[in-house]
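Visitor: I should like to go through this structure one point at a time. Could we begin with a helix and the residues it keeps from the surface?

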Amino acid sequence: MKRPLEGKIIIVTGAAGGIGVETVNRLTDDGATVVASGRDMDRLKTLDAIGPNVVSHRSDVSSEDEARGPVARAEAEFGKLDAVFNGAGIVGESGLIENQDLDSFKHVMDVNVGGVFLMMKHAVPALRRNGGGAIINISSVAGLIGGRATMPAYRASKHGVIGLTKNGAKAHAGEGIRINAICPGQIDTDMLAAVEADASPEDAAKARAVVIAAIPAGRYREPSEVAALAAFLCRDDAKFINGSVYTIDVAFTPF
């Protein structure tokens with residue numbers, strides 16, 4: 001039986017992170033060939049164990065010259081591009097707006113918003129050449145609610161990702177290019193562990209327990225749950241899903 005993504009060429013940015021690794025795994029399980037992009041080549045190389053359908057490519061998505069790279073690699077080696085999963089992102093410094101350093105704020109925006117913008121900018125022409133395709137942008141429930149007051153740059157950036165998603169979806173729907181966003185809640189990754197440690201340096205476990213107590217399902221989400229939705233949005237079955245924003249938060253956001 002043909003797998004649902006067999007023959008598709010997909011870029012994953014932030015591929016060495018917790019969500020990125022699971023997404024690469026899921027996409028290749030479903031038959032895709034993945035250009036795995038990230039800044040740390042040593043970590044990317046660990047993805048080689050997944051199999052021959054993974055090609056590692058070092059790039060910093062906040063740099064326009066480097067953001068072109070994965071798209072060019074996909075077309076040069078495989079002749080086309082079918083989809084992009086924009087998973088690269090950082091949290092940045094913690095603190096109230098009045099105490100934030102401007103350069104730190106700009107860095108978060110450059111990676112989280114600028115990186116998505118640049119990947120969309122260079123992927124859209126490639127997808128157009130292929131007759132259409134999909135872009136999945138990772139935002140966050142932080143892009144939908146106020147939440148912690150000490151993460152202004154991160155929250156602003158994730159709102160920005162949703163704005164780019166909706167703008168791009170409307171602009172390119174007529175070309176068969178569909179652009180959607182996923183807003184995970186608390187996902188059990190190294191990034192979240194760092195946020196917990198920052199919130200409560202003396203007792204990160206206590207910080208985690210407080211957050212989990214507020215989640216109706218009583219647990220953090222798993223990276224594989226994000227990957228499953230991303231894989232579906234890359235499928236031809238999802239060709240009429242465009243401009244949508246999906247939460248994966250076990251009913252955390254409504255409360």
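Visitor: Which residues of H1 are buried?

Guide: The model is a predicted one. A residue counts as buried under 20% relative accessible area. In H1 the buried residues are Ile19, Gly20, Thr23, Val24, Leu27 and Thr28.

Visitor: What covers the buried residues of H1?

Guide: Among the covering elements is a group of strands: S1 (9–13), S2 (33–38), S3 (54–58), S4 (83–86) and S6 (177–184). The cover also includes a helix, H8 (223–234).

Visitor: How far apart are the end C-alpha atoms of helix H1?

Guide: Helix H1 runs over residues 18–29, which makes 12 residues. At 1.5 Å a residue it should span 16 Å.

Visitor: Which residue with a positive phi follows H1?

Guide: The phi of this residue is near 105°. The residue that follows H1 with this positive value is Gly31.

Visitor: Which residues does Thr23 touch, not counting residues up to four places away in sequence?

Guide: Thr23 is found in helix H1. Its relative accessible area is 0%, so Thr23 is buried. With residues up to four places away in sequence left out, Thr23 touches Val12, Phe85, Ala227 and Ala230.

Visitor: Which residues touch the most other members of the largest nonpolar core?

Guide: The largest nonpolar core has 27 residues. Those that touch the most other members are Leu27 and Ile182.

Visitor: Which element supplies the largest share of this core?

Guide: S1, H1, S2, S4, strand S5 (133–138) and H8 each supply at least two residues of this core. The largest share is six residues, and it comes from H8.

Visitor: How many residues are in the other core that lies apart from it?

Guide: Among the members of this other core are Ile9, Met119, Val124 and Ile179. The size of the core is 23 residues.

Visitor: What distance separates the C-alpha atoms of Leu27 and Ala230?

Guide: Leu27 lies in helix H1 and is buried, because its relative accessible area is 1%. Not counting residues up to four places away in sequence, Leu27 touches Leu5, Ile10, Val12, Ala32, Val34, Ala231 and Cys234. Leu27 and Ala230 are 203 residues apart along the chain, and the separation of their C-alpha atoms is 8.5 Å.

Visitor: What is the separation of the C-alpha atoms of Ile179 and Ile135?

Guide: Ile179 lies in strand S6 and is buried, with a relative accessible area of 0%. Its contacts beyond four places in sequence include Met120, Ile135, Thr165 and His172. Ile179 and Ile135 are 44 residues apart along the chain, while their C-alpha atoms are separated by 4.7 Å.

Visitor: Is Thr46 buried or exposed?

Guide: Thr46 is found in the loop between helix H2 (41–45) and S3. Its relative accessibility is 55%, and the cut-off for this class is over 50%. Thr46 therefore counts as exposed.

Visitor: What is the relative accessible area of Met109?

Guide: Met109 lies in helix H4 (residues 102–129). It touches Gly114, Ala153, Ala156 and Ser157, not counting residues up to four places away in sequence. Met109 is partly exposed, because its relative accessible area is 24%.

Visitor: How many disulfides does the count give?

Guide: Cys183 is buried, with a relative accessible area of 0%, and Cys234 is buried at 3%. A disulfide requires a pair of cysteine sulfur atoms within 2.5 Å. By this rule the number of disulfides is zero.

Visitor: What percentage of the residues of the chain count as buried?

Guide: The chain has eight helices and seven strands. Its accessible surface comes to about 11,600 Å², of which 53% belongs to carbon and sulfur atoms. Of the 255 residues of the chain, the share that counts as buried is 48%.

Technical notes
Residues numbered from 1 in each chain as written. Predicted model: local features only at pLDDT ≥ 70, side-chain atom pairs only at ≥ 80, totals over all residues. Heavy atoms only, no water. Helix = DSSP H or I, 4+ residues; strand = E, 2+ residues; numbered from the N terminus. Expected span 1.5 Å × (residues − 1). Buried < 20%, exposed > 50% of the residue type's maximum accessible area, 1.4 Å probe, protein only. Contact = heavy atoms within 4.5 Å. Areas by Shrake-Rupley, 256 points an atom, 1.4 Å probe, with all protein chains shown as cover. Core = buried A, V, L, I, M, F, W, Y, C linked by side-chain atoms within 4.5 Å.
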